2 protein chains.
Amino acid sequence: MKLSLQKKILEENDKIAEENKAIFSKHGILAINMMSSPGAGKTTLLEKTLTDLKDKFKFAVIEGDLATNLDMERINKCNVPVVQINTGRGCHLNSKMINNVLSEFNLKNVDIMFIENVGNLVCPAGYSLGEDKRVVLISTPEGHDKPGKYPVILSSADLMVINKLDLMPYVDFDIDKAMFYATQVNNEIEIINVSCKTKDGIQKWYEWVIGALMEKRKDA
Amino acid sequence: MKLSLQKKILEENDKIAEENKAIFSKHGILAINMMSSPGAGKTTLLEKTLTDLKDKFKFAVIEGDLATNLDMERINKCNVPVVQINTGRGCHLNSKMINNVLSEFNLKNVDIMFIENVGNLVCPAGYSLGEDKRVVLISTPEGHDKPGKYPVILSSADLMVINKLDLMPYVDFDIDKAMFYATQVNNEIEIINVSCKTKDGIQKWYEWVIGALMEKRKDA
């Protein structure tokens, strides 16, 4: 009974995710689902990206958190349209939550929509939001074993961003080992190493995002 | 339908948790459920604790992870009995998983059992394992807003350990703000600040663990 209900929930989620996908495609929007542990630096990476690229592209952001508007307030300061979803006890965003807030944006005026999922390296993996790309952030203080210990979310990702390179001198993190674990569970995953603080490597992230937008427009 | 099934699952979990609690109490064992984000330092804190206190108390450890035996291997090196539970896609331990492995320990020979939950700051909160105490670790690189953003798990905890004090000079973490957020959601929570690396504050953690064991024995 539990399995069949879970299957039903996922099927229902997939159905609405397809609706979201159609809405994004209709407006030529690239949608990126950002996933990580709490505090890996999703919001900080978005702040940098919006600040540096908002003159070239039109962004929108959906923030997912159990509670508080703290992340929305940070994105607001970048002068980019943002909607906060509070999930209460919910451990991940789902496609219905996204569908419910899309009307709050002027979608004709969006090139790239970032969806920042609830900080959780497990549950968001199972729920498509209708996104084009899935990005998983890992940060160096978490340790290089995390891609091996959380294989489900890694196996569903297009890109792994290793963040907080600036803390490498102070923590026990081996980039080669992290890459080994990640490619063991997903041999097609792309990997970019950045520090949001020093902006080391961040240009590669920007190129990846812009490349994904170009790819989407080419396919349209 | 979803809610009533969820209720049924939690009731079934609570029932087996009570069985576990009775088993722990029968043997005078203090059981501590350790919860945090991935990479906050649960295993490292246990390594230090087992190494420093194992001559005074008899420990046992249950390790919960989606995949790998990496944490079990680390605890093994401390020469303490340890069992690894791999949950696959499961985002938390439950009481049945604990019940299933208790027979693998010689419980007559255990004073304190640490149960290291899956790294997840959301889902473990809802599932009692029959533990006496719940500890939530937050680490400084995660940011001081986390206790506010993950109120459900904080509200169920007896103790919050703020770990990785040694990284304070390199990250944006305000201890007062973290404590403010934590006490806002749980005004009875105890808070201890530590660095597993420098061992700063770790003596207070040991005193807390030993105090909890004394309390349990007094109540027996």
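Predicted model: local features only at pLDDT ≥ 70, side-chain atom pairs only at ≥ 80, totals over all residues.

**Sheet of chain B**

I started with chain B, where seven strands make an open sheet with parallel pairing, in the order β3-β2-β4-β1-β5-β6-β7. Residues are numbered from 1 along each chain as its sequence is written, chains are lettered from A and ligands numbered from 1 in the order in which they are written, and side-chain values use heavy atoms, with hydrogens and water left out.

My terms: helices (H or I, at least four residues) and strands (E, at least two) are DSSP runs numbered from the N terminus, and two strands pair if DSSP finds at least two bridges between them.

Helix α8 (residues 202-219) of chain B lies across β1 (30-36), β4 (112-116), β5, β6 and β7 of chain B, and runs at about 140 degrees to β1(B). Angles here run from 0 to 180 degrees between N-to-C directions, with axes fitted to C-alpha atoms, for helices over the stretch in contact.

**Sheet of chain A**

Chain A has an open sheet of seven strands with parallel pairing, ordered β3-β2-β4-β1-β5-β6-β7. Its edge strands are β3 (82-86) and β7 (190-193). I followed β1 (residues 30-36) of chain A to β5 (residues 133-139) of chain A: five bridges join them, and they run parallel. Met34(A) has Val135(A) as its bridge partner in β5(A).

**Where A meets B**

I found 38 residues of chain A in contact (heavy atoms within 4.5 Å) with 38 residues of chain B. The two chains bury about 3200 Å² between them, 68% of it on carbon and sulfur atoms. Buried area is the accessible area (1.4 Å probe) lost on putting two parts together, summed over both. Which residues of chain A lose the most area to chain B? Pro38(A), Lys149(A) and Tyr170(A) do, together 19% of what that side buries.

Next, charges across the interface: four salt bridges (side-chain nitrogen of Lys or Arg within 4 Å of a carboxyl oxygen of Asp or Glu) turn up there. I also checked Lys149(B) and Asp65(A), whose side chains meet in a salt bridge at 3.4 Å, N to O. On the side of chain A that touches chain B, α1 (2-26), α3 (70-76), α5 (146-149) and α6 (151-155) each supply at least two residues.

**Salt bridges overall**

Lys199(A) forms one with Asp52(A), the closest N and O atoms being 2.7 Å apart. Lys199(A) lies in the loop between β7 and α8 (202-219) of chain A and Asp52(A) in helix α2 (residues 42-53) of chain A, so the pair ties together parts 147 residues apart in sequence.
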